[in-house]
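Hi,

Here is the structure I promised to pass on.

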Amino acid sequence: MSNENVLLSIKDLHASVEEKNILKGLNLDIKPGEVHAIMGPNGAGKSTTGYVLSGRDGYEVDSGSATLDGQDLFDMDVEERARAGLFLAFQYPVEIPGVSNLEFLKVSVDSQREARGEEALTSAEFLKLAKEACKQVNLPVSFLKRGVNEGFSGGEKKRNEIMQMILLKPKLCILDETDSGLDIDAMQVVANGVNSQRDSERSFIVVTHYQRLLDYIKPDFVHVLADGKIVKSGDASLAKELEAQGYAWLQTEPTEDEIED
Amino acid sequence: MTEQIDKALAREYEAGFVSAVESETFEPGLDEDVIRRISEVKGEPEWMLEWRLKAFRVWQEMEEPEWAHLSYPKIDLQSVSYYSAPKSMKDKPKSLDEVDPELLRTYEKLGIPLIEQQMLAGVAVDAVFDSVSVVTTFREKLEEAGVIFCPISEAVHKYPDLIKKYIGSVVPTKDNYFAALNCAVFTDGSFVYIPKGTRCPMELSTYFRINEQNTGQFERTLIIADEGSHVSYLEGCTAPQRDENQLHAAVVELVAMDNAEIKYSTVQNWYPGDEDGKGGIYNFVTKRGICHTNAKISWTQVETGSAVTWKYPSCVLKGDNSVGEFYSVALTRGRQQADTGTKMIHIGKNTKSTIISKGISAGKSNNSYRGLVRMNPGAEGARNFTQCDSLLIGDQCGAHTFPYVESRNPSAIVEHEATTSKVSDDQMFLCRQRGVDPEKAVSMIVNGFCKEVFKELPMEFAVEAGKLLEISLEGSVG
Ligand SMILES: Nc1ncnc2c1ncn2[C@@H]1O[C@H](COP(=O)(O)OP(=O)(O)O)[C@@H](O)[C@H]1O
Ligand SMILES: [Mg+2]
């Protein structure tokens, strides 16, 4: 099969965490410019999918493949995957005390530019871009001087993730419940951030529990992930159906761990 | 993940080379005769020799301290040589042109060119090589301002009144085992005098280099800031990479007269030994300053080297309203051991002290903070704030804090905060997911942890310190 027009291609992916099988035959193809929403019950393996694709320690690929732009993701280190254009917005962003947001952002952008053989931006050039990105996600510029996520509220952390995405300009963005815990205004900020980055090249995987985010970010496809595989796919109307009826009607068997998030 | 972090920290010791310099070195051993010979090669006056011999007798009655959280084989002080100097220094070169080019090359290789035109414009350097000072730069310029900056061996001749008055006045001979030993056998170091009301026009710095094998370095520094004066002083040090341990036992005394201010910064990068703990410097140092009325002494140290570090830069806050500060970063890895901290002795009224200590432990190392805050009965309204943070990298290292508080004045306030954290897998994953190398990620995280201390260092040294921790402090904050 030709991968020519596919950005991300996941084939029959099986993966486990601590010897426990989580992904059990995941298939997904994403073309440039597409937005795919992934919904599904807690513990289904949505976050695991993001971690396996980005190469987090402890998430073991048992079989199957995943390519980004035709390159084998599982052949690359975490940072190489990032430099190849894969971006993960974390469900629970971590703090790095004392490291200023600006320094962190610049080091990230410089690392990726260097890997592409581009020159590092000057501090002034970068500061200008960073200030614009701040504005886009509605964070005061003073956040650039604060430690990475240090003392940020839940909503500020999520907006900070979107700011990183805007500055890094990845090919594939995986947003893991970026809308969870946000009030309606903050959610709109996140949605606007995503929409501003949509173009015919950049693709998104949006993991969410809520239809309302998808009112703002109109997905091309909606998938239901349950027990480690996609059990149903459709267009945006599927999300509405799920909101009304829940996931139970789709499931052949209950997930092992309903309480986990 | 830990493996990558270890790799990131396992930097080469770049200062580990040996210089091919022909030296005159004493046979190992320590007795009165050795002390007489040290005094003789330095051409010292009789009173200095008497002072040394008195110290030697005091020292002979003392025992090596064992209270620190350190374990190392007893140092055989009879197997150490107490004097070594490049032969070329015997004729006392009058100018840089007469100094052995190999010595100049050594400092250049260490990033400290001694040719004034090539140096950082605002920094004067005293370069001490084993037991002698090789050169002191910018002396004329400093003399114009009335500032004295010269090797202490020279000050003994030129300024005997100041030396007699102040040597041993802050750290008495009998203070401790290593200080007493230093009094008996000290060879060189720097002397600084800042006259009344003078702001020293440049940063002053001393760079200590151990080169010869089996020698100890026993330097002594004395800084006197007269009333209302101000000085910032930097100290750096390195040694070749050798399998044997070498001893460094220094004494530093600071005197800040009324309204004077002394800022003393150290970047300590003695050879730390190899991964298995073979070789490295034993660093036993006594540093203390006395503050008179309204005076301020600020110690900032970045300790990355030495196999064993035993060091407690302290302030005696004698005058009312005087201020003492201690900012410290101590990084240990491999099998390094550090027991370091400070003592703040509050004697005067309304005296204030601040202690910020950042300990980073990696590998199989041990890192201890040991601090004493004493509020004497007369220290009305005195205040101390202490913050001790430990960062652990991996799970085979140790971090300990031993804070001692002795308060004999009910109006005094002592505050203490302590935290322990880890470079977490989550933090590493976040950085790498954004495209950052693991090495760079560790540097960035460690650098962030140390920020409060680094910002106290003079600019030139902040860069040096950052490089030492393999941290890029690029000026990305606009
Ligand atoms: N680090 C981990 N250690 C142990 N189990 C994990 C870990 N991460 C995920 N799991 C387990 O994997 C399953 C899927 O989790 P996750 O991918 O977070 O689900 P979702 O994001 O869909 O809610 C859950 O049963 C969860 O307990
Ligand atoms: Mg999840």
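**A covered helix in chain B**

Let me start with helix H8 of chain B, residues 177-185, which is mostly covered: 9 of its 9 residues are buried. Buried here means under 20% relative accessible area, with over 50% called exposed and anything in between partly exposed (1.4 Å probe, protein chains only). Helices (H or I, at least four residues) and strands (E, at least two) are DSSP runs, numbered from the N terminus. Among the buried residues of H8(B) are B:Tyr177, B:Phe178, B:Leu181 and B:Val185. At the start of H8(B), the backbone nitrogen of B:Phe178 has a side-chain oxygen of B:Asn176 within 2.9 Å.

Before you go further, some housekeeping. This is a predicted model, where local features need pLDDT of at least 70 and side-chain atom pairs count only at pLDDT 80 or more, while totals for chains, interfaces and linings use all residues. Residues are numbered from 1 along each chain as its sequence is written, chains are lettered from A and ligands numbered from 1 in the order in which they are written, and side-chain values use heavy atoms, with hydrogens and water left out.

**Around ligand 1**

Which residues come nearest to ligand 1? Of the 16 around it, they are A:Gly43, A:Gly45, A:Lys46, A:Ser47 and A:Thr48; a residue counts as near if one of its heavy atoms lies within 4 Å. By class, the shell has 5 nonpolar, 5 polar and 6 charged residues (Ala, Val, Leu, Ile, Met, Phe, Trp, Tyr, Cys and Pro are nonpolar; Asp, Glu, Lys and Arg are charged; the others, Gly among them, are polar). In chain A, strand S2 (20-30) and helix H1 (46-54) each supply at least two shell residues, and H1(A) gives the most, with 3.

The backbone is involved too. A backbone N or O atom of A:Gly43 lies 2.7 Å from an oxygen atom of ligand 1. For a polar backbone atom of A:Ser47, the distance to a ligand 1 oxygen is 2.9 Å. Both are polar contacts, meaning pairs of N or O atoms within 3.5 Å; within protein, one must be able to donate a hydrogen and the other to accept it, and residues adjacent in sequence count only if both atoms are side-chain atoms.

**Chain A overall**

Chain A has 8 helices and 12 strands. Of its 261 residues, 55% count as buried. Its C-alpha trace spans about 55 × 40 × 35 Å along the principal axes.

Cheers
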